[in-house]
Amino acid sequence: MTPPWSRLELPPFLERLRVLTVKELLQLGRDVGLIAFIAYAFTGDIYVAGSGMQMQLRNATIAIYDGDDSAASRELIGRFHPPEFRIQALLSDAQDGLRLLDQGRTMIMLDIPSQFERDLSARQQTAVQLQVDASNSVIGTWAAAYATQIAATFGTDHAMGGMPTEAAMPIIASHHRIWFNPNSMDEWFVPIIEMMNIVTMLSIMLPAAAMVREKERGTIEQLLVSPLTPIQIMLPKVLAMALVILLGITSSIVMLRYVFAAPIRGSLPLFYAVSLVYVITTSGLGLAIATLVNNLAQVGMAVILALAPIMLLSGTWVPAEGMPPGIRWLMYISPLHYYVEITLGIFLRGTGLDMLWNHLLIMTLLGLVMFTIGLLRFRAQLR
């Protein structure tokens with residue numbers, strides 16, 4: 001018995017669209033290697049990005065020489081605690097700490113001089129020495145910044161504690177309130193960014209690969225002599241790849257929610273609708289690339305060339321405020337920039353369409369320009 005929907009008669013355009021979309025899905029399903037890559041990208045790569053990439057100081061090893069062995073020095077040492085620092089050794093000789101630094105067995109050496117507490121009590125200037133292994137410059141800079149903040153806070157607390165009353169000097173109390181990600185967890189931010197990078201890469205690569213595969217197998221000539229318009233040839237490829245990407249996004253969302261406990265405060269249907277628009281419009285760049293190359297190896301190289309500026313100008317790793325003025329203006333023509341703003345707004349801030357419509361409008365306009373360019377180039381190639 002045939003299902004009821006199989007007896008429905010669709011208009012010729014929609015029927016061709018349905019048949020060709022199913023054909024693209026079947027053709028993609030036969031490519032086991034590509035299916036495995038897509039599955040890994042939306043699951044394994046998301047897991048590695050969330051669990052293996054840290055943008056904060058964690059477990060920095062520190063060796064400490066306490067030449068004073070006083071209550072004040074022990075209080076200072078106690079402020080170097082996990083998760084930022086891990087005390088590796090309490091030394092009896094400062095030279096042992098230097099040897100540990102030279103051998104790469106510790107990252108930080110803290111040297112507290114003798115008479116440290118006496119100088120503090122006498123309100124005399126005193127200093128501690130901090131030596132950092134900066135062979136990894138990023139982590140070394142973080143460690144130095146954290147340690148400097150700890151020492152400065154300790155000095156301020158000790159000075160205020162020695163005053164007869166707090167009213168003896170003016171005080172500015174700074175109370176910080178972090179919204180949307182109170183603990184500054186990279187496990188929320190980094191996997192979401194990685195998911196959007198993967199969506200961008202695949203929305204460019206998959207349609208380009210599908211079109212170039214037709215060239216390599218010689219089936220493009222059969223499509224050219226068929227009663228199909230360029231849009232009827234292109235659109236099924238885009239829709240098929242968009243469905244695959246949306247399925248991959250679903251697996252990533254499951255991992256974000258149940259592996260990393262990332263919040264989803266906004267509307268998931270809105271996010272899927274925005275993602276569908278982004279994938280379809282960005283695929284125009286992939287179709288334009290397909291008109292310039294002749295094999296899948298060239299597709300890979302061209303996608304990397306196009307993807308690099310889109311990602312670097314998205315504002316994910318370098319915010320707009322940290323870019324030179326000229327580069328900052330280029331960021332506003334990257335469609336990924338607006339997709340990032342919309343996605344983070346939906347996931348972390350619970351923002352609705354009433355506040356995101358301007359980003360969605362600009363992203364759609366940029367995507368339509370890219371899709372139109374791809375369609376025109378493909379139409380010109382058919383001629």
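Helices here are DSSP runs of H or I with at least four residues, strands are runs of E with at least two, and both are numbered from the N terminus. The expected span of a helix is 1.5 Å times one less than its number of residues. With that in hand, take α14, which covers residues 335–349: its 15 residues reach 20 Å from first C-alpha to last, close to the 21 Å expected.

Before going on, a word on where the numbers come from. This is a predicted model, so to speak of local features a pLDDT of at least 70 is needed, side-chain atom pairs count only at pLDDT 80 or more, and totals for chains, interfaces and linings use all residues. Residues are numbered from 1 along each chain as its sequence is written, and side-chain values use heavy atoms, with hydrogens and water left out.

**The whole protein**

There are 15 helices and four strands in the protein. Of its 383 residues, 42% are buried, where buried means under 20% relative accessible area, exposed means over 50%, and partly exposed is in between (1.4 Å probe, protein chains only). The accessible surface comes to about 20,700 Å², and 63% of that belongs to carbon and sulfur atoms; these areas come from the Shrake-Rupley method with a 1.4 Å probe, and for residues only the protein chains shown count as cover.

Just after α14 comes Gly350, with a positive phi of about 70°.

**The cores**

A nonpolar core is a set of buried Ala, Val, Leu, Ile, Met, Phe, Trp, Tyr and Cys residues joined through side-chain atoms within 4.5 Å. The largest one has 68 residues, and Leu202, Ile249, Tyr339 and Phe347 touch the most other members. Among the elements that give two or more residues to this core are α1 (12–29), α2 (32–42), α8, α10 and α14. The biggest giver is α8, with 16 residues.

Ile249 has contacts (heavy atoms within 4.5 Å) with Phe42, Met195, Val199, Phe271, Tyr272, Ser275 and Tyr339, leaving aside residues up to four places away in sequence. Apart from this core lies another, of 19 residues, including Ile62, Phe80, Ile112 and Phe154.

Now for Ser252, which sits in helix α10 (residues 230–258). Ser252 counts as buried because its relative accessibility is 0%. With residues up to four places away not counted, Ser252 touches Phe42, Ile46 and Met195.

**The sheet**

The four strands form an open sheet with mixed pairing, in the order β2-β1-β3-β4. At the edges are β2 (85–91) and β4 (129–132), each pairing on one side only. Neighbouring strands are turned by 20° against each other on average, direction ignored. Two strands pair if DSSP finds at least two bridges between them; β1 (residues 60–66) and β3 (residues 108–112) have five, in the parallel sense. Ile64 stands opposite Leu110 in β3.

Two helices pack here. Helix α4 (residues 71–78) lies across β1, β2 and β3, running at about 175° to β1. Helix α5 (residues 94–102) touches β1, β2, β3 and β4, and its direction makes about 165° with that of β3. Axes are lines fitted to C-alpha atoms, for helices over the stretch in contact, and angles run from 0 to 180 degrees between N-to-C directions.
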